[in-house]
Amino acid sequence: MTTSVNTPPGSPTSPATASPSATSGGSSSSAPSSPWKVAQSYQGSSFFDGWVFQNSIDDTTHGYAQYIDRNSAQSANLIDINDAGNAIMRVETTPVVQGYRKSIRITTEYSYTGGLIVLDAVHMPTGCGTWPAFWSNGPNWPAGGEIDMVEGVNEYTNNQVTLHTNSGCSLSSSDPNALSIAGTLVGTTNCAAAETGNAGCGIRGNDANSYGAAFNKIGGGVYATLWDEDGIKTWFFPRSSIPSDLSSGAPQPTTWGTPMASFPASSCDPFKYFYQHTAIFDTTLCGDWAGGVWGAAGVPGQNQSCAASTGVASCQDYVLNNGASFTEAYWEVKSVKIYQKSS
């Protein structure tokens, strides 16, 4: 998760080699030819194999989330595989809790440098007080870099893609046309965490159904992030518009058109500032970003501030005392696939 406001995340949980129980292998032989082959896949009944469950409070972004281990999560019904074969990761809905509300943060055991990361999700957490993310992180933050592929807070409807790096990485322009993106720069072109109050460089997508309740209403969709010698790009495809090459497991990124976000290699070397990443899902509550904008409105989807819409003055008070409000704070994921180019 990006530390969009104040604090750096800890280093990822023991990036290592792929778990033997996670699925790996090539794409379907009937699919059109693609240089991209599946190196690691998480889906179906074995989805949670090959992930490390964090078992601690959110001590990196100051949220009111208590992340719990896999056995505890299963016992508390915060994770499961539903009848559709999709992975569910929930936030606790106990009416009143003390200090923290239980949630899930998982990190892949598999690590990678470069690749094509494809998330197919039906539903993501939404609602006042929520701060979910699907992201990746390298060692010794921010030296190994951070790529926030799916992220937002509260009632936002437009996804934000953000990079956090060491000094020297930037966007070459603030003009969406010059960057050839279907998004808008949020804040600065400087991606260096230490020089931006840890905010990095973010691009907000133009699609008003790319995040939150609006994303869920259309049955979700697919996020694809390409990390190669040309830089880092992220596309969003609504459920009804997923390219057939992606659906068939033979991705052809050159045919996908304008990405939501693009960070060209010309002003940010993608293999100097990013390496040895592990992929992460989490849902924290309040924290530096969601809590920090509790009283703010004006971002797409947030027509009224959470303070005004809930009638509760503080995010912390709302999160700890209104468990029923978090029934929509869950991920439903069909798959995560990490592709590498075949040699």
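In the predicted model, Cys128 has a relative accessible area of 6%, and because this lies under the 20% cut-off the residue counts as buried. Its disulfide partner is Cys306, with an S to S distance of 2.1 Å, and Cys306 is likewise classed as buried, at 1% relative accessibility. The torsion about the S-S bond of Cys128 and Cys306 is -90 degrees, a left-handed link. This bond joins distant parts of the chain, since Cys128 lies in the loop between strand S8 (115-123) and strand S9 (130-137), whereas Cys306 belongs to helix H6 (residues 306-310), 178 residues apart.

A further disulfide is formed by Cys191 and Cys201, whose sulfur atoms are 1.9 Å apart. The torsion about this S-S bond is about 90 degrees, and the disulfide of Cys191 and Cys201 is therefore right-handed. Cys191 is placed in the loop between strand S12 (183-186) and strand S13 (201-205), while Cys201 is part of strand S13, ten residues apart. Both of these cysteines, Cys191 and Cys201, are buried.

Cys286 and Cys315 are also joined by a disulfide, with 2.1 Å between their sulfur atoms; here the torsion about the S-S bond is about -100 degrees, so the link is left-handed. The connected parts of the chain are again distant, with Cys286 in the loop between strand S17 (278-285) and helix H5 (287-291) and Cys315 in helix H7 (residues 315-321), 29 residues apart. Cys286 and Cys315 are each buried.

In total, the structure contains four disulfides. When the bonded cysteines are counted along the protein chain, the pairing pattern is 1-7, 2-5, 3-4, 6-8.

Note on methods
Residues numbered from 1 in each chain as written. Predicted model: local features only at pLDDT ≥ 70, side-chain atom pairs only at ≥ 80, totals over all residues. Heavy atoms only, no water. Disulfide = S-S within 2.5 Å. Helix = DSSP H or I, 4+ residues; strand = E, 2+ residues; numbered from the N terminus. Buried < 20%, exposed > 50% of the residue type's maximum accessible area, 1.4 Å probe, protein only.
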